[in-house]
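Good morning, and thank you for coming.

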Amino acid sequence: MSGGLLVATIGPTGAALTATGRLATSSRAGGVTVVLLGELHYPADLHTGPGQPDDAERIARVYRRGGRTGLAALEGDFAFLLYDQRADRVLAVRDPMGAYPLYHERLGEQIVITSDLAALHRKRGRHAALDFDHLAEYLAGQSPVNEPAGTSTPFRGVERVPAGASLEIEIPGSRATVRALFAPLELTTGRSDTLSDAAADYREVLDAAVRQRAVGSVACHVSGGLDSSAVLRSAADAAAHGRCTLVAGVSVVYRELSQLARETPYVDHALGIAPGLPSVRLDGDDLLDFDVFADPPEHGEPYPGLWRVGMDRALTLAAFEAGAERVLTGIGADEVLDTQPFHLADDVRRWRLARAWREARRWAAADNTDPWTVLRPFGLAPVLAARGHRVPDVPAWIRPEFAQRTALADRIAQRAASGSTAGPMAAVGVALAGIRGRIGDPVRWAVAHPVGLIVSHPFLDRRVLRAGLRVVANIRPDPATSKPLLRAAMRGVLPEPILTRRRKGHFNEVYYRGLLRNRDQLVELVRHPAVADLGILDAETMAATLGRGAVGGLGVTVVHPLNLALTLARWLLQEAGRHRASSP
């Protein structure tokens, strides 16, 4: 991988750490070795002393000063391995949003830690058995997540270092312990009591997050929406102060898809933020969902969003070909800023039914719709799900034997009951669940990393997330304005058409056209012996479902579990091919 690879081999008498690739750095001094993938942000706040140390050396200095607990002060997008020779200890650490993965496995007398599953497979020298319980957990998911929680992986004996945690290995005895390192996102009480005050704070924090990432040659995703436009505005300001060079605005535009073709004028408005910025426009009509299944990037684990990776890959590689060293995105804003009336669930839970009805009517009037279309999904459904009254069924395409053997129905029920609206405030729970869904970054790792490109998401900066969550907790949303905090923060610095638009075009047509265009290949996929013979999916039931989906005949509740099954099938086929290629 041109981006970089970390490997630690730990035996009874010591450890060897290696780092290769453009995005990897290392430090060896004072009995402490650090190998790092990624980068630190806000390094001045670490107070690491004189000189101009690189990020690996900064980590070493923080550790020498404060030990393992001192590492909790680090911020950034990183994974690193640290060997303390005096203490005979190895630490493997990932940032809280899991920008880069780390895996570990016991191989004989050694423990191997690496940032790439393929490297671990090569080190093992044989195929690892599948963990069917892990695959069942994958199929039980109730919402898309980039990376599953916990330490399990699709392979028996292989474990993940969870994001925000450290794996600590004591070399005498090779005892391995995983512990949380970074504190969870807390809801702090801010100095802002009004939306306008909160917006000023938020703009300051977002600008700082972009400045930390706007280094070298930078490309920006430009969709014409509020989120990517806000990032472009801050990046253009950073470029004006000499912090970076903007080399391209990268966009997907449409001609034939009527809903999305209306987005093009907004792309033009957004590009006006940075006059003279070269514009790279990709033809979205040729980037339909599921197209990527014909030739997906190699991905170490099943990824629920694989069906849309074709668009992500095209955007990322276009930025690379434009000369960018990194690309900035607007990803992460929706999860916190796109506030919906989940406060209705709080009212229903406390039996404030008249108040909930009045609020549902107010939101319905803003959209010219029936109040029940607001109260059901945002007030009643979350409460019923939390109490176990609405448990999704096991999908019809899951083979009964597999479902019974892995207790899939129980897993689905547990996931539904521990839904995102649990907790004292449903809106905060939804936002936190959305943030958890963004932990891990398969597109960064599978698409950008192999070409040495850095992908950065300023809205997922922990300081930005805290500022947004504070508003979610303290200011009720207004049906008249979507993303009110970001709109207020960017008032006067973004084009008025972008600030005043209420909604963006949806991607339903991209999905269903993609299903139609790729239906035959998807049916062939689920019938392939490498998939069908595992006894997980019923190929003919899936084929019938795909036939309905190709003509737009799927209900909303069917789409997500179908995506899980298809992305699992495509990963299983990839693994079968890798196993054949590695066999003697």
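Two strands are said to pair if DSSP finds at least two bridges between them. Helices (H or I, at least four residues) and strands (E, at least two) are themselves DSSP runs, numbered from the N terminus. This is a predicted model, in which local features need pLDDT of at least 70 and side-chain atom pairs count only at pLDDT 80 or more, while totals for chains, interfaces and linings use all residues. Residues are numbered from 1 along each chain as its sequence is written, and side-chain values use heavy atoms, with hydrogens and water left out.

Let me begin with the chain as a whole. The protein chain has 23 helices and 16 strands. Along the principal axes, the C-alpha atoms fill a box of roughly 70 × 60 × 50 Å. Of the 584 residues, 56% count as buried; here buried means under 20% relative accessible area, exposed over 50%, and partly exposed in between, with a 1.4 Å probe and protein chains only. Contact means heavy atoms within 4.5 Å. Among contacts between residues at least 6 apart in sequence, 73% join residues at least 24 apart.

I turn now to strand S7, residues 103-107. Which strands pair with S7? Strand S8, residues 110-114, pairs with S7 in the antiparallel sense over five bridges, and Leu107 stands opposite Gln110 in S8. The hairpin of S7 and S8 has two residues between the strands, and Gly108 takes a positive phi near 65° there. Strand S9, residues 158-160, is joined to S7 by three bridges, and these two strands also run antiparallel. In that pairing, Tyr103 stands opposite Arg160. S7 is mostly covered, with four of its five residues buried.

Finally, consider Asp347, which is found in helix H10, residues 343-349. Is Asp347 buried or exposed? Its relative accessibility is 1%, so Asp347 counts as buried. Leaving aside neighbours within four places in sequence, Asp347 is in contact with Arg352, Arg355, Ala356 and Arg476.
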